[in-house]
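Subject: Structure handover

Hello,

Here is the structure I said I would pass on. Please look through it before reading my notes below.

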Amino acid sequence: MTELARLELAVCALATTLFAVMLVVGVDALRFHGASPVLIAEALVLAVMAGSFTREALRQRRFRARLPAARRALCGAPVLVVPSRRPLAFCLGLVRPAVVVSDGLIERLSEAELRSVIAHEHHHARRRDPLRRALVKAFCDGFWFVPALRSTARAQAVVSELAADAVAMRSVGAQPLASALLAFEDGGRAGPCAGRVRQLIGERAGAPSLLVSGVVLFALVALAVGSELCLLGAPLAVVPAALVSRRAARALAV
């Protein structure tokens with residue numbers, strides 16, 4: 001398993017850890033404490049998660065409804081083309097994601113560069129990355145009181161970009177993708193993060209460690225509840241540990 005695959009699994013493992021923590025704490029509260037503030041806190045966390053996800057879903061739906069796009073086949077793949085002189089390319093939609101590009105991007109890029117961008121964005125669409133990002137952000141918003149989780153949504157976004165870049169490089173090569181990224185930067189968008197640059201030049205890429213998030217999270221709930229069931233569930237906090245490399249935090253600057 002590659003390091004990038006381990007990092008993608010680490011995000012999934014952390015999300016599983018969050019649900020497992022809530023399940024353990026909820027069962028603990030019902031079994032040993034009856035009606036307790038812990039259950040109220042869990043309900044509030046779930047409400048914040050639901051609100052965050054619903055807000056993102058509605059935002060994407062409204063944006064797609066207003067988007068003046070025409071369907072086209074580009075590089076053998078279906079895309080939505082919007083009339084804009086700026087170089088734009090993104091994946092839009094949670095349930096049925098679509099690839100959106102602009103006229104300005106088509107005019108500015110060569111065929112190989114355009115193929116690399118389309119391969120990158122279609123990877124996002126196939127994996128439903130907008131949905132994944134919305135879910136991870138909802139998790140992080142729900143557990144806003146855990147400082148170690150605040151950068152997790154950004155870390156997951158970087159990992160998904162690295163994975164899409166890897167697919168584009170296998171399809172077309174590193175040089176067209178690098179040139180396309182420079183075109184986006186010239187068009188006013190921020191340049192790629194250090195991790196994407198390192199991957200483009202052939203170095204190993206990592207992502208911020210998620211182990212600290214799981215450990216801190218479980219430590220907080222263990223202190224708050226402090227019963228034997230929560231202590232028996234403590235091994236859940238080490239789930240991300242087996243999946244995240246020790247030097248991940250140093251490997252990527254986001």
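Predicted model: local features only at pLDDT ≥ 70, side-chain atom pairs only at ≥ 80, totals over all residues.

Residues are numbered from 1 along each chain as its sequence is written, and side-chain values use heavy atoms, with hydrogens and water left out.

Overall, the protein has eleven helices and four strands; these are DSSP runs (helices H or I, at least four residues; strands E, at least two), numbered from the N terminus. Of the 254 residues, 48% are buried, meaning under 20% relative accessible area with a 1.4 Å probe and protein chains only. Taking contacts between residues at least 6 apart in sequence, 68% join residues at least 24 apart; a contact means heavy atoms within 4.5 Å.

Helix H4 covers residues 111–126, and its end C-alpha atoms are 22 Å apart, in agreement with the 22 Å that its 16 residues should span at 1.5 Å a residue. The expected span is 1.5 Å times one less than the number of residues. H4 is mostly covered, with twelve of its 16 residues buried. Among them are His120, His122, His123 and His124, along with Glu113 and Glu121. Just after H4, Arg128 has a positive phi of about 55°.

H5 (residues 129–142) packs against H6 (residues 152–171) at an angle of about 160°, and their axes are 9 Å apart. The axes are lines fitted to C-alpha atoms over the stretch in contact, and angles run from 0 to 180 degrees between N-to-C directions. The two helices are therefore roughly antiparallel, a term for angles over 145 degrees. H5 contributes Asp129, Arg132, Arg133, Val136, Lys137 and Cys140 to the contact, and H6 contributes Thr152, Ala153, Gln156, Ala157, Ser160 and Glu161. By class, that contact has four nonpolar, three polar and five charged residues. Here Ala, Val, Leu, Ile, Met, Phe, Trp, Tyr, Cys and Pro count as nonpolar, Asp, Glu, Lys and Arg as charged, and the others, Gly among them, as polar.

H6 is mostly covered, with 15 of its 20 residues buried. Just after H6, Gly173 takes a positive phi of about 120°.

Regards

How values were computed:
Parallel < 35°, antiparallel > 145°, perpendicular 65-115°, else oblique. Buried < 20%, exposed > 50% of the residue type's maximum accessible area, 1.4 Å probe, protein only.
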